[in-house]
Amino acid sequence: MGTVIDSHFLGLTAIVTVVYQLIFFIITALLKFDKVTDFAGGTNFIVLALLTLILKGSWNFRQVVLSVFVVIWGLRLGLFLLMRILQWGEDRRFDDKRDNLGKLAIFWLFQAIWVWTVSLPVTVVNASDHQPSLQTVDIIGWIMWSIGILVEITADQQKLTFKNSPENRGKWCNVGLWKYSRHPNYFGEIFLWWGIFVASTPVLEGAEWLVVLGPVFLTLLLLFVSGIPLLEESADKKYGNVAEYIIYKDTTSPLILLPPGLYGKLPSWYKTIFLFEFPLYSRNLSQ
């Protein structure tokens, strides 16, 4: 059946993703209700993983494991972000979009591209007839996913607990994993999706290796577009005149978890080239 629809489910998953995101876009546009945005993104991954797994119907162990990984990640993240926004109120990302249908449509289109692209490794694995026996690289990928999701869950929970404490109002989170990275949740997310790609490599042949665009797209998105830059800009505006914050930023890695004592002693060029400490993360401080 998978061959009849399209051999790698690329067209099918694109159509399903666009329709799924369009439904939530209409809800958001008509009701001015933007609290379902992250839930729509997370659950869309689940829909694609289960749909391709069921349609192919071969139920190879590798396919099942990677699909389950996506379901666990999507459910956890989607529900966590939904509960958080219901608790906090409006999503500030939409402050300039609620009354601008064009900007709102662009956001939802970009979310659809994000879901479809990042899902590519699992989509192709679930569609493939080439399923060699399990290899060491499968286990490495599974370990990477496990570490990544553990870091992401821990970081999210630590920050939520920190923000919910009245005594921490007006402070930046620098406890737990946040002592070792300014964005440990993003490190976890990037690491787990690279793990899924690594675990997919035994299946890949020829042009199928282009599914590496999935984790590459996610990494670039968080490093340069909607992840770290926005949060760094917001934090710099809030705390840029606080000496302790400047010290925290100088001694804490932006992404990879490292001891502050080590990171603070590294030269700037090394941080930029190897540890993602890009100048755009501090452009508001320089101003």
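Colleague: Is Q111 buried or exposed, and what is its relative accessible area?

Modeller: This is a predicted model, and in it Q111 has a relative accessible area of 8%. Buried means under 20%, so Q111 is buried. Q111 belongs to helix α5. Leaving aside residues up to four places away in sequence, Q111 touches Q21, T37, A40 and G41.

Colleague: How far is Q111 from L86, in sequence and in space?

Modeller: The two are 25 residues apart in sequence, and their C-alpha atoms are 20 Å apart in space. L86 is part of helix α4, residues 61-88. With a relative accessible area of 45%, L86 is partly exposed.

Colleague: What span should helix α9 have?

Modeller: Helix α9 covers residues 213-224, and at 1.5 Å a residue its 12 residues should span 16 Å. Its end C-alpha atoms are 16 Å apart, which agrees.

Colleague: Which residues of α9 are buried, and against which helices do they pack?

Modeller: The general idea is that an α-helix has 3.6 residues a turn, so residues three or four places apart point the same way. In α9, the buried residues are G214, P215, L218, T219, L221, L222 and L223. The buried residues of α9 pack against α5 (101-118), α6 (120-127), α8 (184-200) and α10 (228-239).

Colleague: Which residues touch the most other members of the largest nonpolar core?

Modeller: That core has 47 residues, and F45, L66, V70, W73, W114, W193 and L255 touch the most other members. Helix α4 gives the most to this core, with eight residues. A second, separate core of nine residues includes F25, A29, V36 and W108. As for L66, its contacts are V122, V125, W142, I196, A199 and S200, not counting residues up to four places away in sequence.

Colleague: Which residues does UniProt list under "transmembrane region"?

Modeller: The unreviewed UniProt entry gives residues 12-31, 38-55, 61-83, 104-127, 186-204 and 210-231. Over residues 12-31 the chain is 100% helix and 0% strand, with end C-alpha atoms 29 Å apart. Over residues 210-231 the chain is 73% helix and 0% strand, and the end C-alpha atoms are 30 Å apart.

Colleague: What is the phi of F9, and where is F9 found?

Modeller: Most residues other than glycine have a negative phi. F9, although not a glycine, has a positive phi of about 60 degrees. F9 is found in the loop between α1 and α2, and at 1% relative accessibility F9 counts as buried.

Colleague: What is the phi of F276, and where does F276 lie?

Modeller: F276 is not a glycine either, and its phi is positive, about 65 degrees. F276 lies in the loop between α13 (268-274) and α14 (283-286). At 25% relative accessibility, F276 counts as partly exposed.

Colleague: Where does S7 lie, and what separates its C-alpha atom from that of A127?

Modeller: S7 lies in the loop between α1 (2-5) and α2 (10-31). Its relative accessible area is 43%, so S7 is partly exposed. S7 and A127 are 120 residues apart along the chain, yet their C-alpha atoms are separated by 6.9 Å.

Terms used:
Residues are numbered from 1 along each chain as its sequence is written. This is a predicted model: local features need pLDDT of at least 70, side-chain atom pairs count only at pLDDT 80 or more; totals for chains, interfaces and linings use all residues. Side-chain values use heavy atoms; hydrogens and water are left out. Helices (H or I, at least four residues) and strands (E, at least two) are DSSP runs, numbered from the N terminus. The expected span of a helix is 1.5 Å times one less than its number of residues. Buried means under 20% relative accessible area, exposed over 50%, partly exposed in between (1.4 Å probe, protein chains only). Contact means heavy atoms within 4.5 Å. UniProt positions are given in the numbering used here, feature names are shortened, and annotations may be inferred rather than shown by experiment. A nonpolar core is a set of buried Ala, Val, Leu, Ile, Met, Phe, Trp, Tyr and Cys residues joined through side-chain atoms within 4.5 Å.
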